[in-house]
Each structure stands twice: as C-alpha cells, then as structure tokens.
Amino acid sequence: STKLLDAELKSILPFDNETVLFSILGSISHPKGVGTVCEAFDKANLVNSELIIFGEIADNYGDKLKKRWTTNSRISWVGHHAYLLERGLFNKIDCVVRGESYFCTGRTVYEMLFSGGSVIVPGSSTDLLKDQNLKKFENNVHFYEPRNVEKLADAFKSVKNKIQLKQERE
C-alpha cells in the first residue's frame, strides 16, 4: 500500500513533482562514499534534480564534506530521520544511490525497489547473479564502476533521462 509522506518529511523535500530526487540514506562517513556521490552528482550537472542526503554525520570527514557541498543548492543535507519507509519517503524520492567501494545493496536499496523506484549501486550487471532479489528488479538497477566519478555521473544522467521519459508518458 502507498504510504503518504508525513508532514515533517514533506516540509524538507521539494514540493514540485518535476524535480527528480536522488537520495543517499545512512551514516555520512568515508566508507559510504558520500563524497564520491556528491562529486558525481555535481559533475552530472542535471537540471530539475536534487540530491538529498539523509543521515547522521559520523565523523570529521562528514563535517568537512557537508561544509564543502553546502554551497551547492542542488544538494541538501537533512540529517538523520528514522522509519523512512513507514513515513512515505520512498514514494516521493526517485532513486537511492550507494557510494561504497564495492558491490553493496542493503535495506534502503530494497525498500526503494519495492516502492517502484530506481537505485544506483557500485558494481556491474554480473552482480545480479549473486542477488536474486535484486535480479527481479534489474530494469530499475543501475550499476557504475565503484568510486569512479565519471561513471557515476553517467549513471545519474541515465537514471534522470529514464525517469523523465516515464514522467512524460504518465
């Protein structure tokens, strides 16, 4: 069943439906590759798109990262929020992005896919063979070479184009 976005989340997300929303969910630390994701999103230079970062800043790295990217108006840092699935977030955002240095999924990837959205994860299509749950959603799973900013920027562009085509058809 579709969960409505709760009032608190509604207040921190863009109101319009034209903006394509990419999101990182989880702790903000170096192993999570948040810096790579921010850099690639910036490099992709997408119109009508925003990267929203949900998560607790885990260390000094996270503080430096936030300071570096706060000036980019298309990247929002909204802090830690619990129970995002239950609160309707996955019906509003379009794509969850992972930035680890290896093939990695996790709960938020599956929550996004089960909600009908897309995901961008490090790895390659051969990783689908390792994960039958992921394989069921292969049309909504986009891979890039881990920690490769150029390839991740290309993935952002590809997902944005796919989402825009879908919106135009609706």
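In the predicted model, valine 97 has isoleucine 120 of strand β5 as its bridge partner. Strands β4 (residues 95-97) and β5 pair in the parallel sense over three bridges, two strands being taken as paired if DSSP finds at least two bridges between them. Between β4 and β5 the chain passes through helix α4 (residues 107-114), and this β-α-β crossover is right-handed, meaning that, with the strands pointing away from the viewer, the path from the first strand over the helix to the second runs clockwise. Helices (H or I, at least four residues) and strands (E, at least two) are DSSP runs, numbered from the N terminus. Residues are numbered from 1 along each chain as its sequence is written. Local features need pLDDT of at least 70 and side-chain atom pairs count only at pLDDT 80 or more, whereas totals for chains, interfaces and linings use all residues; side-chain values use heavy atoms, without hydrogens and water.

On its other pairing, β5 runs parallel to strand β6 (residues 141-144) over four bridges, with isoleucine 120 opposite histidine 142. Five of the five residues of β5 (residues 118-122) are buried, that is, under 20% relative accessible area, against over 50% for exposed and values in between for partly exposed (1.4 Å probe, protein chains only). In a regular strand the side chains alternate between the two faces of the sheet. Ser118, Ile120 and Pro122 point one way from β5, and Val119 and Val121 the other way.

Voids were located on a 1 Å grid over the protein atoms alone: a cavity is a set of points where a 1.4 Å probe fits but cannot get out, a pocket is an open set with protein on both sides within 12 Å along at least five of seven lines, and lining residues have an atom within 4 Å of a point. Grid points are joined across faces, edges and corners, and a volume is the space filled by probe spheres set on the points. One cavity of 30 Å³ or more was found. The largest cavity holds about 70 Å³, and its lining includes Val97, Arg98, Gly99 and Glu100.

The largest pocket has a volume of about 610 Å³. Of its 26 lining residues, Asn91, Lys92, Ile93, Asp94 and Lys166 lie nearest its centre, and helix α6 (residues 149-169) gives the most to the lining, with five residues. The second largest pocket comprises about 340 Å³. Among its 20 lining residues, Leu25, His81, Leu84, Arg107 and Thr108 lie nearest its centre, and α4 supplies the largest share of the lining, three residues.
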